[in-house]
Amino acid sequence: DGKLSFDEFKAYFDDGVLSGEELHELFHTIDTHNTDNLDTEELCEYFSQHLGEYENVLSVLEDLNMTILKAMDKTKKDYQEASNLEQFVTRFLLKETLNQLQSLQSSLECAMETTEEQTRQERQGPTKPEVLSVEWPRKRSARRLQRNNSLVPTSPQFSTAFSNVCNCSLFLFSKGWIEEDSQWMTQINRLQKLIDRLEKKDLKLEPFEEEVLEENARPHILIVQRQMSVIEEEREPFRVALKQYVESAATQAGCLHVSIQKLPSDSRFIVYEFWENSNAWNSHLQMNYSKTFQKSNVDFLETPELITTMLVP
């Protein structure tokens, strides 16, 4: 509707580092009109005061965007009528432009991940986690630097090949972002060496064996993973409800083990439950303590909980 409520602001700007209180304070700092909503003018006014060196970066990106769009428009008009050689050159330029943008994106993603990780470490310090902590995979953690699918921007081969085709400012722009002595490149090179070492290792796979179960063999154990994102204001009552639930579940005859993991930088809890079989799990769901916990979660959770089950011999 042209403005952001706090919930919308939090959903977009929450980076997993700032706490709910800090986001709330930031929201009211930007809300200079004191309307409990942020409009475009307020957002632009706030961020424009903190652009610094990135004002030039965003300006160059805007010009780059317009330049690429003009090139795309001309390519669409001229490509079909061009000769085979001209079409080949056009395809090469498109491919290398894409590779350069992906190289720049990879550098930026690496910088973002490193700064976020440094911030999390500074905030957490040497203190021990509340329960048992695990590293939750973030969106960018699955991204990988692209290898062996394009020429490295700083390599002589790329410089020679690309300069022979055209004096492309995009190459100079991208090259300026990569400094071999920078912290990012140091970390990337270390990771590259580790990956190369792993790729050279010979895999020793066990021979395939077929397991034949006896008729009276023990049934499969059911492992249940429950992920719950808790509303920050409801965290304490949720802890009480969760504790009562775990204590009750652990006393059930078919329950083998229950454990809780609290992610240190997130209001997310993960519960692992091990049950003798599916029937034991289904009976547990029908118990009053389980139904009570499910009903309370309607008020405690930001989103419906995610349940994953797996049968293992």
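Of the chain's 313 residues, 27% count as buried. Buried here is under 20% relative accessible area, exposed is over 50%, and partly exposed is in between, with a 1.4 Å probe and protein chains only.

A word on the source. This is a predicted model: local features need pLDDT of at least 70, side-chain atom pairs count only at pLDDT 80 or more, and totals for chains, interfaces and linings use all residues. Residues are numbered from 1 along each chain as its sequence is written, and side-chain values use heavy atoms, with hydrogens and water left out.

The chain has eleven helices and six strands. These are DSSP runs numbered from the N terminus: H or I of at least four residues for helices, E of at least two for strands. Take contacts, meaning heavy atoms within 4.5 Å. Among those between residues at least 6 apart in sequence, 68% join residues at least 24 apart.

Now helix 11, residues 288-300. Its 13 residues should span 18 Å at 1.5 Å a residue, and the end C-alpha atoms are 18 Å apart, so the two agree. The expected span is 1.5 Å times one less than the number of residues.

Which residues of helix 11 are buried? They are Tyr289, Ser290, Phe293, Ser296, Asn297 and Phe300. Down the axis of helix 11, they fall within an arc of 125°, so they line one face of the helix. That arc is taken from the directions from the helix axis to the C-beta atoms. Strand 3 (221-229), helix 9 (235-250), strand 5 (268-275) and helix 10 (278-285) are included in what covers them. The face turned away carries exposed Asn288, Thr292, Lys295, Val298 and Asp299.

Next, rings. The whole structure has twelve aromatic pairs. Rings of Phe, Tyr and Trp (its six-membered ring) pair if their centres lie within 6.5 Å; planes under 30 degrees apart are stacked, over 60 edge-to-face, the rest tilted. Tyrosine 12 and phenylalanine 13 have ring centres 5.0 Å apart and planes at 80°, so the pair is edge-to-face. Tyrosine 12 is exposed, at 66% relative accessible area. Phenylalanine 13 is partly exposed, at 26%. Ring pairs link both into a cluster with Phe6, Phe9, Phe27, Tyr46 and Phe47.

Last, the record. An unreviewed UniProt entry annotates residues 18-53 as "domain: EF-hand". Such annotations may be inferred rather than shown by experiment; positions use the numbering here, and feature names are shortened. In the model, residues 18-53 are 56% helix and 6% strand, with end C-alpha atoms 23 Å apart.
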